[in-house]
Amino acid sequence: MKKLKIIPLILALVLLVCSCSKSEPTAKVNSAEWKSNYTFVFCHGLSGWGSYDKQNKFLPYWGMRTGDLMKYLGEQGFNCVSASVAPHGSAWDRACELYAQLAGSVVDYGEEHSKRCNHERY
């Protein structure tokens with residue numbers, strides 16, 4: 001049982017060491033070759049975070065070890081955004097939150113869903 005208590009500490013230590021050892025991106029992007037009018041949207045996975053979350057300032061989700069990927073791609077001429085959705089929310093909730101961020105509107109989870117899942121609609 002004592003081994004189980006130390007595992008989260010070891011994982012936290014590994015994450016801390018990995019996040020502190022930053023290196024420069026090695027790939028150079030020819031933005032003229034890949035130029036488009038599209039905005040590239042990055043959306044984190046389970047337990048992740050995006051640009052609107054506090055921890056992104058200190059540890060950017062996209063480019064943890066190499067620096068902020070959104071900043072790097074922006075400097076290369078790409079229009080990129082990093083969305084922030086509920087790290088442990090349902091697929092429905094996360095999709096609604098992502099849509100609201102992309103549309104610039106208020107999140108609407110739907111009347112039926114919010115009643116069934118016992119949370120606020122907006």
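**Surface, rings, core and charges**

Analyst: Val41, Val81 and Leu102 together form a nonpolar patch on the surface, with about 230 Å² of accessible area. The model is a predicted one.

User: In which strand is the place of Val41, and is Val41 buried, partly exposed or exposed?

Analyst: The place of Val41 is in strand E1, which covers residues 40–43. The relative accessibility of Val41 is 38%. Buried means under 20% and exposed means over 50%, so Val41 counts as partly exposed.

User: How many helices and strands does the protein have, and in what order do the elements run?

Analyst: There are six helices and two strands in the protein. Read from the N terminus on, the order of the elements is α-α-β-α-α-β-α-α.

User: How many aromatic pairs does the structure hold, and is the pair of Phe40 and Phe78 stacked or edge-to-face?

Analyst: The structure holds four aromatic pairs. In the pair of Phe40 and Phe78, the centres are 6.0 Å apart and the angle between the planes is 70 degrees. Planes over 60 degrees apart count as edge-to-face, so the pair of Phe40 and Phe78 is edge-to-face.

User: Which parts of the chain does this pair link, and how many residues apart are they?

Analyst: Phe40 is in strand E1, while Phe78 is in the loop between helix H4 (69–75) and strand E2 (80–83). Phe40 is partly exposed at 34% relative accessibility, and Phe78 is buried at 12%. The pair links distant parts of the chain, 38 residues apart.

User: Why is the pair of Trp49 and Tyr61 edge-to-face, and how many residues apart in sequence are the parts that this pair ties together?

Analyst: The ring centres of Trp49 and Tyr61 are 5.3 Å apart and their planes stand at 75 degrees, so the pair is edge-to-face. Trp49 lies in the loop between E1 and helix H3 (55–58), and Tyr61 lies in the loop between H3 and H4, so the pair ties together parts that are 12 residues apart in sequence.

User: Which residues make up the largest nonpolar core, and which element gives the largest share of this core?

Analyst: The largest nonpolar core has six residues: Phe42, Met70, Tyr72, Leu73, Phe78 and Cys80. Leaving aside neighbours within four places in sequence, Leu73 is in contact with Phe42, Phe78 and Cys80. The largest share of this core, three residues, comes from H4.

User: How many salt bridges does a search of the whole structure find, and how far apart are the closest N and O atoms of Arg121 and Asp108?

Analyst: A search of the whole structure finds three salt bridges. Arg121 lies in the segment after helix H6 (111–117), and Asp108 lies in the loop between helix H5 (91–103) and H6. Arg121 is partly exposed at 30% relative accessibility, as is Asp108 at 32%. The closest N and O atoms of Arg121 and Asp108 are 2.7 Å apart.

Technical notes:
Residues numbered from 1 in each chain as written. Predicted model: local features only at pLDDT ≥ 70, side-chain atom pairs only at ≥ 80, totals over all residues. Heavy atoms only, no water. Patch = residues over 30% accessible without salt bridge, like charges linked within 9 Å, V, L, I, M, F, W, Y side chains within 5 Å. Areas by Shrake-Rupley, 256 points an atom, 1.4 Å probe, with all protein chains shown as cover. Salt bridge = Lys/Arg side-chain N within 4 Å of Asp/Glu carboxyl O. Helix = DSSP H or I, 4+ residues; strand = E, 2+ residues; numbered from the N terminus. Buried < 20%, exposed > 50% of the residue type's maximum accessible area, 1.4 Å probe, protein only. Phe/Tyr/Trp six-rings, centres within 6.5 Å; stacked < 30°, edge-to-face > 60°. Core = buried A, V, L, I, M, F, W, Y, C linked by side-chain atoms within 4.5 Å. Contact = heavy atoms within 4.5 Å.
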